[in-house]
Amino acid sequence: MTAGPGAGRRSPFFTAVLTFLAVFLLFLAVPSIGPVVRAARADGVPGSFTARRVECVRHPGHESCTWTGDFRSSDGAVRRTGIALYGADREMLREGQRTPAVDVGRQNRVYGPGGSMEWVFTALLLLAALGILYAAYNRPVRNLLGARVTATAGR
């Protein structure tokens with residue numbers, strides 16, 4: 001049995017959906033690249049975080065908590081209130097406790113001096129977007145390049 005015309009070709013609508021999905025993932029990931037790299041390296045303004053309150057949300061099987069409080073840079077030039085300390089769970093701090101922190105420029109959080117692993121999620125988003133684009137455009141690009149090579153060789 002032979003395949004009919006157009007066999008193995010993807011519909012333009014499906015390619016458009018894949019492209020939209022990849023662009024959306026890139027839209028989410030690309031702006032975060034700088035901040036997550038700085039957060040991973042704890043590259044920012046050093047200072048201290050003073051815990052004010054813990055907010056917890058219960059999910060089936062576990063609890064997710066965030067400490068909010070105040071950040072003050074070591075030189076006193078930067079002061080931020082109502083900011084979260086990334087990665088701090090319920091047991092890590094108590095109200096009024098101070099701990100070293102680094103401000104990497106994120107609007108709503110500071111990080112511990114050991115950095116963070118947020119970059120992993122951003123890297124996965126980037127890889128997913130690139131994989132989707134490869135899946136959507138690998139065959140058409142190869143076909144186009146193959147046609148050019150064949151046309152050039154025939155001269």
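Mentor: Let's start with Thr68, which sits in strand 2 (residues 62–73); strands here are DSSP E runs of at least two residues, helices are H or I runs of at least four, and both are numbered from the N terminus. Bear in mind that this is a predicted model, where local features need pLDDT of at least 70 and side-chain atom pairs need 80 or more, while totals for chains, interfaces and linings use all residues. Numbering starts from 1 along each chain as its sequence is written, and side-chain values use heavy atoms, with hydrogens and water left out.

Thr68 counts as buried because its relative accessibility is 12% (buried is under 20% relative accessible area, exposed over 50%, partly exposed in between, with a 1.4 Å probe and protein chains only).

Now for strand 1 (residues 45–59). Strand 1 runs antiparallel to strand 2, and the two share 12 bridges; DSSP has to find at least two bridges before strands count as paired. Two residues separate the strands in this hairpin, where Gly61 takes a positive phi near 95 degrees.

Cys56 is worth a stop, as its bridge partner in strand 2 is Cys65. Cys56 and Cys65 also form a disulfide, with their sulfur atoms 2.0 Å apart (the cut-off for the sulfur pair is within 2.5 Å). There is one disulfide in the structure. The torsion about the S-S bond of Cys56 and Cys65 is about 110 degrees, so the disulfide is right-handed. Cys65 is buried at 13% relative accessibility, whereas Cys56 comes out partly exposed at 30%.

Glu63 makes a salt bridge with Arg58, the closest N and O atoms being 3.7 Å apart; the rule is a side-chain nitrogen of Lys or Arg within 4 Å of a carboxyl oxygen of Asp or Glu. Glu63 is partly exposed, with a relative accessible area of 29%, and Arg58 is exposed at 69%.

Pro46, itself in strand 1, is partly exposed at 46% relative accessibility. Leaving out neighbours within four places, Pro46 contacts Phe71, Ser73, Ser74, Ala101 and Val102. Pro46 and Ser74 are 28 residues apart along the chain, yet their C-alpha atoms are separated by 5.9 Å.

Zoom out, and you get an open sheet of five strands in the order 4-1-2-3-5, with mixed pairing. Strand 4 (98–103) and strand 5 (109–110) are the edge strands, each pairing on one side only.

Past the end of strand 4, the chain has charge pairing with helix 3. Glu118 and Arg106 form a salt bridge at 3.7 Å, N to O. That pair links distant parts of the chain, with Glu118 in helix 3 (residues 118–153) and Arg106 in the loop between strand 4 and strand 5, 12 residues away. Both Glu118 and Arg106 are buried, Glu118 at 14% relative accessibility. Glu118 also meets Arg109 in a salt bridge, 2.3 Å from N to O. The salt-bridge count comes to seven.

As for the whole protein, there are three helices and five strands, running α-α-β-β-β-β-β-α from the N terminus. Buried residues make up 30% of the 155 residues. Of the contacts with a separation of 6 or more, 63% join residues 24 or more positions apart.

Key: Contact = heavy atoms within 4.5 Å.
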